[in-house]
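Please read it alongside the sequence and the 3D view.

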Amino acid sequence: MSAFDKVIGYEKEKEELLQICDIVKNPEKYSALGVRLPHGILLYGDPGVGKTLMASAFVEEVGRKSFVCRKDKSNEEFVDFITQLFEEAKKNAPCVVFLDDLDKFASDVELGNPEELIAVQSGIDSVKDSEVFVIATANSIRALPRPLRRPGRFDRILEICLPNRRESVEIVRHYLADKKVAADVTAVSVARLLDGNSCAALESVLNEAGIYAGFEGKAEIGKEHLVRAVLRNIFEAEESVNEMSAAEKEEVAFHEAGHAVAALSFDAEGVGLISVRPSKSDARGVVQIFKGEGYFGSYELMHQRVVALLAGKAAVELRYGRIDVGAASDMERASAIVQRFITDYAVSGHGLFRLEGRFDGESVTQNDKIVVERTAMMARCYEEAKDVLRKQWTFVEKLAGELVRRDTLVYEDILLLRGETEKTA
């Protein structure tokens with residue numbers, strides 16, 4: 001049994017880590033081929049994706065004595081601790097040094113060369129000729145100085161991404177194994193509600209749902225408990241909409257229904273949840289729109305997201321004939337994507353392409369042209385959003401009506417309502 005068996009999903013990442021484990025455990029096999037032992041590996045990615053779990057599994061799988069370093073001391077004490085840790089590791093070679101949350105070691109990264117990271121860099125250099133392997137985790141790789149993460153210090157840098165939909169199902173199935181759930185609560189239905197979230201978030205939501213069920217004296221965790229937990233933990237939504245007037249609730253319902261219908265017009269399974277419950281971040285409602293696999297490599301998928309973001313404002317305008325003043329956040333997010341289209345992807349021609357970090361030579365004229373093109377592209381996307389909604393307005397009205405009545409709808413509810421709409425069309 002491998003130590004990596006406790007890590008659910010992430011097969012490619014585990015395969016790469018097992019390869020490094022084999023090199024560390026069987027150096028003679030590789031030295032016969034003229035291969036040197038890698039000095040270290042860095043795992044980075046969003047908080048909660050399982051970096052520490054994978055690194056711990058790596059240490060366990062290697063089977064060497066390990067030295068773990070986490071930031072739990074004042075800056076001056078911590079610098080001394082790092083230095084001493086590498087000295088001890090060198091004396092106890094062969095061994096592994098595990099630097100957890102490396103990007104949190106220094107509080108003043110912006111100031112240039114923080115002493116904590118200089119100490120790490122010096123420590124790694126000091127054990128290069130010893131059988132000391134270094135594995136580190138970080139949330140933000142950009143927070144680490146480039147010299148620290150170069151080959152020779154970290155020979156492999158591995159991004160640990162959020163679990164995809166298939167991996168999410170596996171993770172949820174694992175967490176559900178020791179819980180009593182209702183018959184309609186399946187790994188697939190729960191994973192759909194939690195699509196795009198970290199392993200830690202998946203576990204937290206399932207536990208929160210269990211707390212709700214237990215407090216109500218239920219023998220099983222029901223879908224209503226899971227939806228409530230998702231709204232609270234993932235979207236920070238309020239428990240009710242009691243403070244909202246009937247007119248305001250209806251407007252929010254049309255706004256969220258607009259987002260959902262536009263997203264569903266591009267991807268029939270693209271929405272997991274809609275709610276008119278306001279969130280603590282001042283959003284008046286919630287709609288969970290999935291990002292398809294390959295989203296960041298597809299102009300088409302990003303364009304569709306812009307249209308879906310603008311469709312909330314469009315729905316309110318089509319229904320009431322007035323400006324939706326609650327769409328500022330949507331406009332900002334859509335505008336940021338469109339800006340990347342123009343300056344990063346040269347969608348509007350190479351004349352407006354912008355090299356990262358190089359703004360000094362830009363003329364006022366070029367900036368003005370970017371603003372004009374962004375405004376025009378946003379206007380075109382907004383008209384597209386209205387066209388999409390006009391074609392499916394009966395569905396928009398049906399979703400909005402159900403949201404007014406029930407506050408929250410999940411994918412299965414949306415699918416049923418869509419089927420009813422198509423039958424009466």
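Ser 189 sits in helix 7 (residues 187-193). Helices here are DSSP runs of H or I, at least four residues, numbered from the N terminus. This is a predicted model, where local features need pLDDT of at least 70, side-chain atom pairs count only at pLDDT 80 or more, and totals for chains, interfaces and linings use all residues. Residues are numbered from 1 along each chain as its sequence is written, and side-chain values use heavy atoms, with hydrogens and water left out.

Ser 189 touches Asp 184 and Glu 412, not counting residues up to four places away in sequence. Contact means heavy atoms within 4.5 Å.

Burial is set by relative accessible area: buried is under 20%, exposed over 50%, partly exposed in between (1.4 Å probe, protein chains only).

| Residue | Relative accessible area | Class |
|---|---|---|
| Ser 189 | 10% | buried |
| Cys 161 | 36% | partly exposed |
| Cys 381 | 1% | buried |

The structure holds 0 disulfides (pairs of cysteine sulfur atoms within 2.5 Å). For Cys 161, the nearest cysteine sulfur belongs to Cys 199, 11 Å away.

Next, a helix pair. Helix 11 (residues 299-320) packs on helix 12 (residues 328-343) at about 155 degrees, with axes 9 Å apart. The two are therefore roughly antiparallel (angles over 145 degrees). Residues in contact include Leu 309 and Leu 310 of helix 11, and Ile 337 and Phe 341 of helix 12. The contact residues divide into 10 nonpolar, 1 polar and 4 charged. Ala, Val, Leu, Ile, Met, Phe, Trp, Tyr, Cys and Pro count as nonpolar, Asp, Glu, Lys and Arg as charged, and the others, Gly among them, as polar.

Definitions and conventions:
Axes are lines fitted to C-alpha atoms, for helices over the stretch in contact, and angles run from 0 to 180 degrees between N-to-C directions. Angles under 35 degrees count as roughly parallel, over 145 as roughly antiparallel, 65 to 115 as roughly perpendicular and the rest as oblique.
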